[in-house]
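Subject: Structure for your review

Dear colleague,

Please find below the structure that I am handing over to you. My findings follow directly after it.

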Amino acid sequence: MPEFLMKIISFVLGIITSISMSMSSLTALINKSNFEVASSFDQVVYEDQLVPEKDSDGNWTFYTDRDLKILQLTDVHIGGGIMSVKKDKMALNAVAAMLTAEKPDLVVITGDLVYPVPFQAGTFNNGISTDMVITLLEKLGVYYTICFGNHDSELYSDYTREQLADKYANPDLKYSLFQKGPEDVDGYGNQVIKVKNSKGIVTNAFFTLDSHSYVDGDFLGVQWKYDNIHENQIEWYKECVLAIDAANKAIDPDCPMFTSLCFFHIPLEEFGIAWQEYKANGYKDTENVKHFAGGYYEKDEKSYCGVYSDNFFETALELGSTKGIFCGHDHENNASVEYKGIRLTYGMSIDYLAYTGISKKGAQRGCTVISLSADGELSVSLENYYQDKYVSKYEKEKVSTDR
């Protein structure tokens, strides 16, 4: 980045820091009201809520023979500052409404839960917004885990990624299944959550990975140079898949490969490759691509993936376990397509804050409902928040749902 640009950015951040510090008392008072909102929702009522347990290998495990419902949320973007108060309330309300209606067995939030960008949120404090999200999820009583996005911990944020990971991994939390992951694997939140049947065989597994933030000196993310899944994470994922398969075959030598799903924030380059192939064919299915729902609505129908290639997708194809990969990051994109046999899905975003004017839009806002049967059959549904099925405690804002 040019030196003069760094000086300008540093100067602006310095001014915002001074303003933020001078208004800290008012910010604390306003955030108190948002914490009250986060605590105001009733606990989700289940007829038969599955309660996960720690397996012998230390991984959280659901023991069941029935189908599972997973809810993907992404890009919640809680600002936690004086400038984002109203939009934070909207986001909290939307999350609560969807979880209350869907009653999922597990919620996976694929990054950018918080957005401590001072010129939009009015604060550098990503800790208070993280606490707000945790307060909401614990009050709702739904089991959840998260992947970190590029905005959760910025270079200028008050809390590091590791410190935020400690918050989510707090053993006093009743519903958080987040684990920091192996120390010798890059990032925080690389974990696997398993599903075991009554025979002790793993039928399904959910992998979450840290897709990191920025690379090549783009410390503030202004050049949109995003990172990729790292090689040691791919090796960890491969080792986990092979170990689970080996344990299954020790019980039943004829046991087929279990079904897994993968969740992270920044999309793989295959998300863009698949859509461009579909687009080049006149928005019709190809030999490699099958379209199920949604579209690419970012400028030029672009996917803002990592700037380098990685072999995560190729590894998933080789192993034959992963049937679906779910990401966030690009708030307007919400397509779900199958590429070479693996379902690639952009989650419906929540964001009211980050994109200019996005609080007035509603077509992209919602959740992704994933149904997974014990025999590995996958069903994905993109659910818009402005459907009648989502009854909010607080009145929904007026938005346009036209594209």
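Lys340 counts as partly exposed, at 43% relative accessibility. The model is a predicted one, and in it Lys340 sits in the loop between β11 and β12 (342–346). Although Lys340 is not a glycine, its phi is positive, at about 55°. Most residues other than glycine have a negative phi.

His329 likewise is a residue other than glycine with a positive phi, in this case near 80°. The loop that holds His329 runs between β10 (322–327) and β11 (336–339). His329 counts as buried because its relative accessibility is 6%, and the cut-off for that term is under 20%.

A further positive phi, near 50°, belongs to Lys103, the residue that follows α3. Helix α3 itself covers residues 85–102, which makes 18 residues. From its first C-alpha to its last, α3 reaches 26 Å, close to the 26 Å expected at 1.5 Å a residue. The helix is mostly covered, as 13 of its 18 residues are buried.

Gly111 belongs to the loop between β4 (106–110) and α4 (118–121). With a relative accessible area of 0%, Gly111 is buried.

I turn next to the salt bridges. How many salt bridges does the count come to? The count comes to 16 salt bridges. In one of them, Lys167 pairs with Asp131, and the closest N and O atoms are 2.9 Å apart. Lys167 lies in helix α6 and Asp131 in helix α5 (residues 126–140), so this pair ties together parts that are 36 residues apart in sequence. Asp131 is partly exposed, with a relative accessible area of 27%.

Lys180 takes part in a salt bridge with Glu162, where the closest N and O atoms are 3.8 Å apart. Glu162 is in helix α6 and Lys180 in the loop between α6 and β6; the pair links distant parts of the chain, 18 residues apart. Lys180 also meets the side chain of Asp166 in a salt bridge, at 2.8 Å from N to O. Asp166 lies in helix α6 as well, so its pair with Lys180 ties together parts that are 14 residues apart in sequence.

Elsewhere, a network of salt bridges links Asp55, Asp57, Lys194 and Lys196.

Finally, there is a patch of negative charge on the surface, where Glu183, Asp184, Glu231, Glu235 and Glu239 gather. One of these residues, Asp184, is placed in the loop between α6 (161–168) and β6 (191–196). Is Asp184 buried or exposed? Asp184 counts as exposed because its relative accessibility is 64%, and the term applies over 50%.

With kind regards

Notes
Residues numbered from 1 in each chain as written. Predicted model: local features only at pLDDT ≥ 70, side-chain atom pairs only at ≥ 80, totals over all residues. Heavy atoms only, no water. Patch = residues over 30% accessible without salt bridge, like charges linked within 9 Å, V, L, I, M, F, W, Y side chains within 5 Å. Areas by Shrake-Rupley, 256 points an atom, 1.4 Å probe, with all protein chains shown as cover. Salt bridge = Lys/Arg side-chain N within 4 Å of Asp/Glu carboxyl O. Lys, Arg positive; Asp, Glu negative; His and termini not counted. Charge placed at Lys NZ, Arg CZ, Asp CG, Glu CD. Helix = DSSP H or I, 4+ residues; strand = E, 2+ residues; numbered from the N terminus. Buried < 20%, exposed > 50% of the residue type's maximum accessible area, 1.4 Å probe, protein only. Expected span 1.5 Å × (residues − 1).
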